[in-house]
Amino acid sequence: MNQRQHDMGGMDAGPIESSAHDAEPWAKMITSLAAAMRDDDIMRIDELRRALEDLPPDIYSQDYFERWSEAMINLLEEKGIWTRNEVMGRMDAIKAKLEG
Amino acid sequence: MTMFSVGERVRIKDSHPPGHRRTPFYVRGKTGVIERYCGDFKNPEELAYGFDGTPKRELYRVRLAQNDLWENYEGPASDTLDLEIYDHWLEKVED
Amino acid sequence: MTTDDRGTHSHDHDHPGTTPDVNETGYYELMAEAMKELLIEKGVVSADDLRRNLEFLDSRDPVDGGKIIARAWTDPDFKSRLLEDGTKAVEEMGLTMGDAELVVVENTDDVHNMIVCTLCSCYPRTILGLPPDWYKSKSYRSRAVVEPRSVLKEFGTELPDSKTVRVHDSNADMRYLVLPQQPEGTDGWSADRLAEIVTRDAMVGVVLPQA
């Protein structure tokens with residue numbers, strides 16, 4: 001009955017950094033993909049939260065949209081929509097194209 | 001008729017089941033007062049695993065005194081914390 | 001950088017521009033692009049749906065929240081409706097809550113409200129847009145419930161002990177908006193002018209609006 005990583009109320013933590021910082025375009029893309037899948041009941045917010053909570057601690061502690069991306073890959077793999085390898089492969093292909 | 005009424009004292013279950021839960025660790029086992037009934041909602045603890053979330057659960061806002069939540073709370077005794085708890089996490093408190 | 005050397009991904013990289021340049025394109029940007037391409041190719045998400053959602057997200061701005069607050073300050077009937085049923089009241093202003101419901105909590109001479117979500121980062125996004133980074137941070141999520149007055153001080157908000165601090169943990173189906181007190185010296189201001197002094201942080205309850 002330990003307090004889980006996402007369940008943060010009362011944990012020790014440092015000062016709040018309140019610098020403003022707009023979401024980057026890729027972060028908005030991730031948010032919008034999640035919203036579109038939510039509208040169609042392909043991926044529910046509760047499922048995504050569960051996938052977030054189950055991430056390894058080093059990934060969970062990353063940036064908010066980074067962990068969203070990781071959790072979405074895992075959840076959609078669980079649902080049989082893709083495999084992580086498939087996403088990684090596509091990333092390499094996009095990168096190769098950018099490198100021209 | 002809802003299971004609990006506004007103003008009623010309730011205890012949040014001191015239970016630690018695995019899985020996706022919407023009752024934060026820091027309020028489990030604590031006692032507070034029903035602030036309002038929010039309506040019936042699909043159970044997120046079921047939705048999180050692909051089930052349909054029915055039967056719907058009654059959702060309440062529960063108000064707790066900060067002094068009951070934390071030892072040596074920094075503020076005055078009047079400070080409170082409100083949060084939402086589904087009916088299956090609530091127990092009646094015998095006066 | 002190959003896609004499996006996540007360890008080398010730097011979190012304090014410069015913000016990339018909109019033109020993709022491989023040296024500037026971070027690991028997670030590539031990942032988002034790959035996810036988008038695959039989801040569209042597989043027919044899971046349509047390009048139209050994605051565009052609609054992106055446009056909606058880009059249209060969200062805390063300014064809309066400010067308009068709600070300013071109207072509540074200048075229209076007592078609207079204020080009653082807003083406190084009674086926030087979801088329905090904001091619909092009058094063309095704003096929607098999506099799957100969640102809106103609870104508006106009113107600051108008074110005796111009570112100050114502040115909002116946090118300790119479990120994830122629930123926030124009234126359909127009104128205010130994406131939450132600020134600090135709202136999603138471990139520091140805020142951990143500390144707002146246990147030492148709200150210290151947290152408020154870090155935002156420059158010092159409240160007397162005679163005022164009750166009421167923290168709302170936004171942990172389930174409700175989303176919250178704080179209705180601040182109208183600041184002194186703003187009597188007779190128009191709703192438009194008042195809306196301009198209502199900041200996002202005032203609606204989360206970590207600062208007070210200033211005239």
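Predicted model: local features only at pLDDT ≥ 70, side-chain atom pairs only at ≥ 80, totals over all residues.
Biologist: Why is a set of residues called a nonpolar core?

Modeller: The name applies because the set consists of buried residues of kinds such as Val, Ile and Met, joined through C-beta atoms within 7 Å. The largest nonpolar core here has 62 residues. Those with the most contacts inside it are Val62(B) and Ile85(B), together with Ile69(C), Met114(C), Val116(C) and Met203(C). A second, separate core of 33 residues includes Ala27(A), Ala51(A), Tyr28(C) and Val45(C).

Biologist: Which residues does Val116(C) touch, not counting those up to four places away in sequence?

Modeller: Val116(C) touches Tyr140(C), Arg141(C), Ala144(C), Val145(C), Val167(C), Asp169(C) and Ser170(C).

Biologist: How do you know that the span of helix H3 of chain C agrees with its number of residues?

Modeller: Helix H3 (residues 62–74) has 13 residues, and at 1.5 Å a residue these should span 18 Å. The end C-alpha atoms are 19 Å apart, which agrees.

Biologist: Which residues of H3(C) are buried, and what covers them?

Modeller: A residue is called buried because 20 or more other C-beta atoms lie within 10 Å of its own. In H3(C), the buried residues are Gly65(C), Gly66(C), Lys67(C), Ile68(C), Ile69(C), Ala70(C), Ala72(C) and Trp73(C). Their cover includes helix H4 (76–84), helix H5 (86–91) and strand E4 (174–179) of chain C.

Biologist: Why is chain B described as being as compact as a globular protein of its length?

Modeller: Chain B has 2 helices and 5 strands, in the order β-β-α-β-α-β-β from the N terminus on. Its radius of gyration is 14 Å, close to the 12 Å that the globule rule gives for 95 residues, so the description holds.

Biologist: How many helices and strands does chain A have?

Modeller: Chain A has 5 helices and 0 strands. Of its 100 residues, 39% count as buried.

How values were computed:
Residues numbered from 1 in each chain as written. Chains lettered and ligands numbered in written order. Buried ≥ 20, exposed ≤ 12 C-beta atoms within 10 Å, placed from the backbone. Contact = placed C-beta atoms within 7 Å. Helix = DSSP H or I, 4+ residues; strand = E, 2+ residues; numbered from the N terminus. Expected span 1.5 Å × (residues − 1). Rg over C-alpha atoms; globule rule 2.2 N^0.38 Å.
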